[in-house]
Amino acid sequence: MQQRQLGQTNISTSVIGLGTWAIGGWMWGGLSSEEEAISAIQTSLDYGVNLIDTAPVYGFGLAEEIVGKAIASRRDQVILATKCGLVWHLEKGNHFFTSAGHQVHRYLGKDSIRYEVEQSLKRLKIDYIDLYQTHWQDGTTKISETMETLLELKKEGKIRAIGVSNVTVGELEKYLQAGTVVSAQEKFSMLDRGIETELLPYCQNNHISMLSYSPLALGLLSGKISLDRQFTGDDQRKNHPRFNEQNRRKIAAMLDEFRPIAEKYSISIAQLVIAWTVAQPGITVALCGARTPTQATENAKAGQISLTTEELTQIQKILQVHLSDSSL
Ligand SMILES: NC(=O)c1ccc[n+]([C@@H]2O[C@H](COP(=O)([O-])OP(=O)(O)OC[C@H]3O[C@@H](n4cnc5c(N)ncnc54)[C@H](OP(=O)(O)O)[C@@H]3O)[C@@H](O)[C@H]2O)c1
C-alpha cells in the first residue's frame, strides 16, 4: 500500500481510505448487515488501509457507531477522520435538507461543534479524533469562530488535525488566515474534475492534502453496474440521471477501453479507476466507499498499483473521447 503525508503533519496515510457513508445505510438503500459492515472495515485494515472517513450524519450516528465497534481493538492502526457541521440537534445556520424525519442544518457555531465532537467521541468510543473536518460550509458563522473552536479542540487533545470539506478557495483562504488546515475533502473522479481548475492547485500550493470523495462516482465507475441493476428504498442512485440506462451504456463503453491496461496488471476496472485517481497531481487519497469485505479488499489492493505516464496519457485520451458529451 502506498503511503502519503497528510498535509504538513507527521501523519502518514494510505493512498486508499475507507469511506463509510454507505455503511450507515442512509441514502444507500439501508444497512444490509452490521456484521458485514464491521467486516468490511476490518478487512480494509487487514489490507493496509489506515484512513477511515466517517461523519455523524451518515445514518444519523449509525456509521460512527459501527466504525467504533470495528476499530475497538485496533485503534492504534487507524487514522480516524470524522466531521462536524451537518446537524440535526438544533435549527441554526442554513437549512440543508430534510431526511429520515430530521431537519439537517449546516451549522459551525462554537457550541454546536463542542456538542458534536463529544457525540462523535462517544459513538466512536475513542478519546481523540485524528482528522476533524468541517463537512459543509455554513455561511452564517464566521470562519474565524469555527477555526477558533477547532484550534481549542486541538489544544485540548480531542482532535489531532483540522480538515475542511466542500469549500471554495475563498473559504479555504479564510480558514488559513485563522489557523491551519491539513486537508480538503472534495468530490473527484473521472466524471467529476471540477476541482482541477482552482481548488486543487490552491491546495497543492498550500501543502493541503486532497481527499477525493466518490472516486467510483457512487459505484458507476466500478464496471459492475449492469443495465438491469435496480436501486431500491432511499438509494440515491434510484433517480440519479447518471444511472439511467443510456448513461450506463456510455460508461460501460468507456470502461471497456480500459480493459487492456487492467488486464496487463490483472486488476479489475474498479481498481484501475482508483489507481488512476490517486495518480492525479494533487490527489493524496481516494476515499472509497465499500459495504462488503470483497469490495473493501478490491479497493484496498488498488493502492499497490502505480500506473505509468504512458498509461495515464492513454486513459486521459479515452476520457476525452467519451466524456466530451457533458450529459455524463
Ligand atoms: N465530504 C462529503 O461531502 C462526502 C460526500 C460523499 C462521500 N464522502 C466520503 O467519501 C466516501 C466514498 O464516496 P461514496 O461512498 O459516495 O462513493 P464511491 O466510493 O464512489 O462509491 C461507493 C459505492 O460503490 C460501490 N462499490 C465500492 N467498491 C466497489 C467495488 N470494488 N466493486 C463494485 N462496487 C463497488 C458500493 O455500492 P454498491 O455495492 O451498493 O453498488 C459503494 O457503496 C464516502 O463513504 C464518504 O466517506 C464525503
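Of the 328 residues in the chain, 47% count as buried. The structure is a predicted model. Taken along the principal axes, the box filled by the C-alpha atoms is roughly 55 × 40 × 40 Å.

The secondary structure of this chain consists of 10 helices and 13 strands. Contacts can be sorted by how far apart the two residues are in the sequence. Among the contacts with a separation of 6 or more, 75% are between residues 24 or more positions apart.

One part of the strand arrangement can be followed in detail. Strands of a sheet pair through backbone hydrogen bonds, and the pairing may be parallel or antiparallel. Here 3 strands form an open sheet in the order 6-8-7, with antiparallel pairing. Strand 6 (86-87) and strand 7 (94-99) are the edge strands, each pairing on one side only. Strand 6 is joined by 2 bridges to strand 8 (residues 102-106), and these two strands run antiparallel.

Next comes the ligand. It is surrounded by 27 residues, of which G19, W21, Y213, G219 and G289 are the closest. Two or more residues of this shell are given by each of strand 13 (283-289) and helix 9 (293-301). By residue class, the shell around the ligand divides into 11 nonpolar, 12 polar and 4 charged residues.

Most residues other than glycine have a negative phi. N166 is not a glycine, yet has a positive phi of about 55°. Its place is in the loop between strand 10 (159-165) and helix 5 (169-178). N166 counts as partly exposed because it has 17 C-beta neighbours inside 10 Å, and a residue is called buried if it has 20 or more and exposed if it has 12 or fewer.

The second residue is S266, in the loop between helix 7 (245-265) and helix 8 (269-278). S266 has a positive phi of about 55°, although it is not a glycine. With 7 C-beta neighbours inside 10 Å, S266 therefore counts as exposed.

Key. Residues are numbered from 1 along each chain as its sequence is written. This is a predicted model: local features need pLDDT of at least 70, side-chain atom pairs count only at pLDDT 80 or more; totals for chains, interfaces and linings use all residues. Helices (H or I, at least four residues) and strands (E, at least two) are DSSP runs, numbered from the N terminus. Two residues are in contact if their C-beta atoms, placed from the backbone, lie within 7 Å. Two strands pair if DSSP finds at least two bridges between them. A residue is near a molecule or strand if its C-beta atom, placed from the backbone, lies within 6 Å of it. Ala, Val, Leu, Ile, Met, Phe, Trp, Tyr, Cys and Pro count as nonpolar, Asp, Glu, Lys and Arg as charged, and the others, Gly among them, as polar.
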